[in-house]
Amino acid sequence: MPRTTHGFAADEPKLRSIKGRLLALAVLPAVVLPVLAGCSDPGASAAQPESEAAKNGIVYNTSVDQNRIRGEKDAAAAANVPAAIAKDGKLTVATTAGSIPLSFHATDDKTPIGVEVDIAQLVADKLGLELDLQVTSWENWPLKTQSGDFEAVFSNVGINAARVKLFDFSTYRAAYMGFEAKKSSTYDIKGSDDISGLKISVGSGTNQEKILLAWNKELEEKGKAPAALQYYSSDADTILALSSGRTDLNLAPFPSVTYRENTRDDLKVVGKVNAGWPAETLVAATTLKGNGLAPAITDALNSTIKDGSYGKVLERWGLSEEAIPESKTVTEATFVTPAGTTK
């Protein structure tokens, strides 16, 4: 959602031009290293517990042994997989492995785990395919999906008008961003007026950056001081800057900021905004436009919703509130713009 995603956010805004229009396609930030409770240095990863009960009652298993919830093959969904994709018996999925509890590395620092990985596994199971999971950077997934290196992306990707021109989508989660701040702060972020003059860290080329740039435009039109956006190369650096007071706020995927609120003593959530602001959007599996895979993934997701495995995965990672009742395929032809018109 990072980035790398998560450590792949650019240090300087000018780097956003490297990927041109495709970089603008990337939604949700990237974060580089898991931050667990009790770490005074967010970058410290040694001797981290493999499971820990958070304040919200969720026990986050960050070990290599995930004992994932698995699904049974759905013959109808599997039959819809394009022959060119099914022929090798694998579903090659990209994820960005950097943001707890979305997609991150286990305690061995190399095995990708998280809710995005679990959902991808369920989909592969339903389609009767072996999951071939590939870790990539947030900047690279658009290019590599277009080139055919990746058949699907499960990495907190939100649907927007730019992306539907190049990709098809299968929805599977609500999409929200969260503002986080030091626990001692009194911020209550509801709109642009509340960020005037503040220092805010954000991932480059992400939906949350788009939101902040739009809010800054509103502030400037009102004659108020815009927020100063700051960019860091990793989530560890971002959180260190926030906890030390060098920044006032961080805007990141809501699941990640609520995770930190529940596993640390120094941070709290101070605002929530839809990732598609001023409209609404959803997190979705991302596939190459027109290749026919999206409808099969949508069928697979609906099969997991029906049999309850989808709900169990979200519950496992503390994301039950982001569940949706039905997966839908979204293409350029069916995408509805914020104004309510279909493009």
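**Helix packing, pockets and backbone geometry**

The axes of helix α4 (residues 115–126) and helix α9 (residues 293–307) approach to within 9 Å and cross at roughly 105°. Axes here are lines fitted to C-alpha atoms, for helices over the stretch in contact, and angles run from 0 to 180 degrees between N-to-C directions. Helix α4 is therefore roughly perpendicular to α9, the term covering angles of 65 to 115 degrees, whereas angles under 35 count as roughly parallel, over 145 as roughly antiparallel and the rest as oblique. The contact (heavy atoms within 4.5 Å) involves I119, L122, V123 and K126 of α4 together with I297, A300, L301, S303, T304 and D307 of α9. By class, 6 nonpolar, 2 polar and 2 charged residues make up the contact of α4 with α9; Ala, Val, Leu, Ile, Met, Phe, Trp, Tyr, Cys and Pro count as nonpolar, Asp, Glu, Lys and Arg as charged, and the others, Gly among them, as polar. Helices (H or I, at least four residues) and strands (E, at least two) are DSSP runs numbered from the N terminus.

The model is predicted: local features need pLDDT of at least 70, side-chain atom pairs count only at pLDDT 80 or more, and totals for chains, interfaces and linings use all residues. Residues are numbered from 1 along each chain as its sequence is written, and side-chain values use heavy atoms, with hydrogens and water left out.

The largest pocket has a volume of about 600 Å³. A pocket is, on a 1 Å grid over the protein atoms alone, an open set of points where a 1.4 Å probe fits, with protein on both sides within 12 Å along at least five of seven lines; lining residues have an atom within 4 Å of a point. Grid points are joined across faces, edges and corners, and a volume is the space filled by probe spheres set on the points. Of the 29 residues lining the largest pocket, I159, G276, E280, T281 and F335 are the closest to its centre. Strand β8 (167–174) and helix α6 (207–221) each supply at least two lining residues, and the largest share, 4 residues, comes from α6. The lining of the largest pocket comprises 18 nonpolar, 7 polar and 4 charged residues. Because domain 1 (75–175 + 281–330) and domain 2 (177–274) both give residues to this lining, the largest pocket lies between them; the domain bounds come from an automatic or database domain assignment.

The second largest pocket has a volume of about 250 Å³. Among its 14 lining residues, F254, T258, G318, L319 and E321 are the closest to its centre. Helix α8 (residues 254–263) gives the largest share of this lining, 5 residues. The second largest pocket also lies between domain 1 and domain 2, because both give residues to its lining.

The peptide bond from I100 to P101 is cis, with omega near 0°, and P101 is placed in the loop between β3 (90–95) and β4 (104–105).
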